[in-house]
Amino acid sequence: MNKLELQKTANEIRKGIVSGVHAAKAGHPGGSLSSAEMFAYLYNKELRIDPKQPKKADRDRFVLSKGHTAPGLYSALAYRGFFPVS
């Protein structure tokens, strides 16, 4: 994933964050928006994960302890194909 692809993916994740927070009429988008590049890189380049095999034994796991960035995590997972964007 080159720099431009990372930026485009992060922007798509940001769109999902804004849409999700708006639809929920609740949430804190700031932390998620500033973490979009991290989510884009981790979920599209670094982590060994497969949306078609989400319970694969040797998959990587990512623990998010900063709950305010959950909208970013959900947006990244949806973008990656783990569940529908809607």
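The model is a predicted one, so please read every value below as computed from predicted atoms.

Let us begin with helix H4, which spans residues 70–80. Its buried residues are Gly72, Leu73, Ser75, Ala76, Leu77 and Ala78. What covers them? The cover includes helix H1 (3–24), helix H2 (29–34) and helix H3 (36–46). After H4 comes Gly81, with a positive phi near 105°.

**Two helix pairs**

A pair of packed helices is described by the angle between the axes and the distance between them.

| Helix pair | Angle between axes | Distance between axes |
|---|---|---|
| H1 and H4 | about 120° | 8 Å |
| H1 and H3 | about 110° | 8 Å |

Start with H1 and H4, which pack at an angle of about 120°. Angles of 65 to 115 degrees count as roughly perpendicular, and this pair is therefore oblique instead. H1 passes H4 in a right-handed crossing. On the H1 side, Thr9, Glu12, Ile13, Gly16, Ile17 and Val21 make the contact, and on the H4 side Pro71, Gly72, Ser75, Ala76 and Tyr79 do. Sorted by class, the contact of H1 with H4 has six nonpolar, four polar and one charged residues.

Now turn to H1 and H3, with their angle of about 110°. These helices are therefore roughly perpendicular to each other, and their crossing is right-handed. Where do they meet? Leu6, Thr9, Ala10, Ile13 and Arg14 of H1 touch Ala36, Glu37, Phe39, Ala40, Tyr41 and Asn44 of H3. This contact of H1 with H3 has seven nonpolar, two polar and two charged residues.

Within H3, the buried residues are Ala36, Phe39, Ala40, Leu42 and Tyr43. They pack against H1, H2 and H4. Residues three or four places apart on an α-helix point the same way, because the helix has 3.6 residues a turn.

How many aromatic pairs does the whole structure hold? A search finds two. In one of them, the rings of Phe39 and Phe62 have their centres 6.4 Å apart and their planes at 90°, so the pair is edge-to-face. Phe39 sits in helix H3 while Phe62 sits in the loop between H3 and H4, so this pair ties together parts that are 23 residues apart in sequence. Is Phe39 buried or exposed? Phe39 is buried, because its relative accessible area is 0%. Phe62, by contrast, is partly exposed, with a relative accessible area of 29%.

Tyr43 and Phe62 form an edge-to-face pair too, with 6.0 Å from centre to centre and 90° between the planes. This pair links distant parts of the chain, with Tyr43 in helix H3 and Phe62 in the loop between H3 and H4, 19 residues apart. Tyr43 is buried, with a relative accessible area of 6%. Put together, Phe39, Tyr43 and Phe62 form one aromatic cluster.

**A residue in the loop**

Finally, have a look at Lys25, found in the loop between H1 and H2. Its phi is near 55°, a positive value in a residue other than glycine. Is Lys25 buried or exposed? Lys25 is exposed, because its relative accessible area is 69% and exposed means over 50%.

Definitions and conventions: Residues are numbered from 1 along each chain as its sequence is written. This is a predicted model: local features need pLDDT of at least 70, side-chain atom pairs count only at pLDDT 80 or more; totals for chains, interfaces and linings use all residues. Side-chain values use heavy atoms; hydrogens and water are left out. Buried means under 20% relative accessible area, exposed over 50%, partly exposed in between (1.4 Å probe, protein chains only). Helices (H or I, at least four residues) and strands (E, at least two) are DSSP runs, numbered from the N terminus. Contact means heavy atoms within 4.5 Å. Axes are lines fitted to C-alpha atoms, for helices over the stretch in contact, and angles run from 0 to 180 degrees between N-to-C directions. Angles under 35 degrees count as roughly parallel, over 145 as roughly antiparallel, 65 to 115 as roughly perpendicular and the rest as oblique. A crossing is left-handed if the near helix is turned anticlockwise from the far one by less than a right angle, and right-handed if clockwise. Ala, Val, Leu, Ile, Met, Phe, Trp, Tyr, Cys and Pro count as nonpolar, Asp, Glu, Lys and Arg as charged, and the others, Gly among them, as polar. Rings of Phe, Tyr and Trp (its six-membered ring) pair if their centres lie within 6.5 Å; planes under 30 degrees apart count as stacked, over 60 as edge-to-face and the rest as tilted.
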